[in-house]
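This report describes the fold of one protein chain, from overall figures down to single residues. The sequence and structure come first.

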Amino acid sequence: MPYKSLSKAFYKTFLGVILSLFSLFSIQAKITEPVEWTVSTEKISDTEYDLFFKVSLQGKFHIYSQFLKDDLVGPIPTQFIFTDGAYERIGRVEEPEGHEEFDKTWEENIKFFEKEAIFKQRIKLKSGFQSPLKVSVISMACDDTRCLPPEEKAFEFDLDRLTAASEKLTVSTNDEVLSQSVILPIKLAEGVKLSITEKKSLWNLFVLGFIGGLIALLTPCVFPMIPLTVSFFSHSAGGRAQGVFKAIMYGVFILVIYILVSVPFHLLDTVSPDSLNNISTNTWLNVLFFVVFVIFAISFFGFFEITLPSSWSNAMDAKASKVGGIVGVFFMALTLTLVSFSCTGPILGSLLGGSLSNDGGAIQLTYGLAGFGLALALPFAFFALFPSLLKKLPKSGGWMSTVKAVLGFAELAFALKFLSNADLVEHWGLLKREVFIGIWVLIALALAVYLFGFYKMPHDAPNQKISWVRKILGGISLVFALSLIPGMLPASSPYHSSLKWLSGFPPPTFYSIYENATPEGHLKAYNTLEEGIEASKKEGKPILLDFTGWACVNCRKMEEQVWVDPEVNKVIDDEVILVSLYVDDNKALPEAQQFNVKYPNKKIIKKVKTIGDKWASLQSINFKNNSQPYYVMMDANYTVLSTPVGYTSDANMFYKWLKKGIKNK
């Protein structure tokens, strides 16, 4: 692609991304789906049928032809996937005329469809054909500024229901009867609203990301770059004013690059309301995170370096030298991002994993990455404005290796959380609460021994002195290890501690190695809505609907810090029917109970295969919310008795909310 076209495409994409980022910070991520597929069938004869696939597109969104050039590097063509069966396709899928225009970005003539298009495939049935016939459609939607991830839609054609040659059947979902099990006849008591719980502590995440960025500044991949880069801009052509301007833009571009990392996760939010929740609770993704974080930790210990391909950074560096100007400054910022990955990558991985393992998903990640990028960017702009202060910076040295080693121990502790998530979701029993805490004790003790200088890491200097700062940190680590030990003792021990200050990180108190463990605050709960409704009718009590998850940190905090409050505990135990629905329960539903469900906007179709899928869909559809924990007070007739709430650390406030719902029954 010629450089002029590359520049135009870059500026076009860059401007679109910047505008998108403003919207991401001003409003919560919305569920958007610009493409809607519907299918129908026409019977031609006893053995021949025409299958129709109609796509409707919003705004300027369009999808592409099936027949793009094989060597075209760009958009993904529309594809129709037919399952094997006793039938044959007559010809290929016919598509409408569409539009064919020269695309400046890809410098090719590309055929696409906008507004509406109908595709047709004729089939001929063979002996032994059994309905339904299953077809999947894969398409990628783009507009003038962005492309959404390719999406697959599955359809079933029940040909047995067609009897007349001209009769048509519209198919939009597999089993409307089953899908009604997650669509409730919700009614609202007077004054009650189904408000969407706001994502809390976004600015807290920004601050945490900022702290992570400050830590990354102290690593040997980034810290030495500060005086070098500032000196480069200070002595560049154009005088001091031009150098300061470039240094500030360098910092701005660092911030923008890190924010851009979160954009793909916002696109995931457009696929399904609970797509990020599915990612965060996916067993094998959590196991993968565990393995990756262990590798990151070993790298931080100095046994090897994790770097992106040197060709990437070399290409960006060459581009920066060749282009110059503001675009060159952007490529310099991108070069720094790539070459510092061995130090920033593990910290960014922690930020990514933490965001996905909470209910906030993409918007939390955006705030966290913005804080991280700002912390990295500020020193370059600040010291460009006040270059004399560079002399006050501490010199690079062995202390940076110590920082990396400490981060390695933190990575190990954090990695264990991901393995615990997978263990809880799958009920493997590998990391019971006491085992988890015990491993953390060993990690903290190993860190203390390292900081006191009893052993060295491969990247430590042979004669490195143990500073007073290291000794203080070693003491803190030792105290932390000792404070965890009471959490490993049985609840019957007088020295036992529930470690409330650590709630949400270790497995829940009931996930214990001790038999007949009866942790305080343990409450009887039903795990299906049907059982809860039946119990509510029988006992005449309202239902406390608890949308929770095995891997939900804030759910554990509620149970171990708020529900154990004597007044709250008594209300839940005596005055309501507790129904805990785990949205990350991976146990498969019987095949006869699996179904496709349409969301209320008639655009998103989701395959409900597991128990968790069912409860997640029930929450999203009926209560317009996909975060956990989420609490609903309702009666057996599906009347919501008080405005639903999410996580709150105030036990008194939660108690008043419970009593209000009971009063409204």
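## Contacts and overall composition

In the protein chain, 74% of the contacts with a separation of 6 or more are between residues 24 or more positions apart. The model is a predicted one. Its protein chain has 665 residues, of which 49% are buried. The secondary structure of the chain consists of 20 helices and 18 strands.

The accessible surface of the protein chain is about 31,800 Å². Carbon and sulfur atoms hold 60% of that area.

## The five-stranded sheet

Five strands make an open sheet with mixed pairing, in the order β12-β18-β17-β13-β14. Its edges are β12 (187-188) and β14 (577-582), each of which pairs on one side only. Strand β13 (residues 543-548) runs parallel to β14, and six bridges join the two. Across this pairing, I543 stands opposite I577 of β14, and F547 has L581 of β14 as its bridge partner.

Helix α16 (residues 529-539) lies across β13, β14 and β17 (630-634), and its direction is at about 175° to β14.

Leaving aside residues up to four places away in sequence, K187 touches N637, Y638, T639 and V640. The C-alpha atoms of K187 and D635 are 9.9 Å apart, although the two residues are separated by 448 residues in sequence.

One of the residues touched by K187 is Y638, which belongs to the loop between β17 and β18 (639-645). Y638 is not a glycine, yet it has a positive phi of about 65°.

## The three-stranded sheet

A second open sheet has three strands in the order β4-β9-β10, with antiparallel pairing. The edge strands here are β4 (79-82) and β10 (151-157), and each pairs on one side only. On average, neighbouring strands of this sheet are turned by 20° against each other, direction ignored.

Strand β9 (residues 133-139) and β10 run antiparallel and are joined by seven bridges. Within this part of the model, S136 stands opposite A154 in β10.

Is K115 buried or exposed? Its relative accessible area is 53%, so K115 counts as exposed, the cut-off being over 50%.

## Aromatic rings and charges

The structure holds 20 aromatic pairs. In the pair of F623 and Y630, the ring centres are 6.4 Å apart and the planes are at 55°, so the pair is classed as tilted. One aromatic cluster is formed by W37, F53, F80, F113, F119 and F157.

Charged side chains also lie over ring faces. K432 is placed over the face of Y511, at 5.4 Å from the ring centre. R470 lies over the face of Y450, where the distance from the ring centre is 4.7 Å.

Terms used: Residues numbered from 1 in each chain as written. Predicted model: local features only at pLDDT ≥ 70, side-chain atom pairs only at ≥ 80, totals over all residues. Heavy atoms only, no water. Pairing = 2+ DSSP bridges. Helix = DSSP H or I, 4+ residues; strand = E, 2+ residues; numbered from the N terminus. Axes fitted to C-alpha atoms, helices over the stretch in contact; angles between N-to-C directions. Phe/Tyr/Trp six-rings, centres within 6.5 Å; stacked < 30°, edge-to-face > 60°. Lys NZ or Arg CZ within 6 Å of the ring centre and 35° of its normal. Buried < 20%, exposed > 50% of the residue type's maximum accessible area, 1.4 Å probe, protein only. Contact = heavy atoms within 4.5 Å. Areas by Shrake-Rupley, 256 points an atom, 1.4 Å probe, with all protein chains shown as cover.
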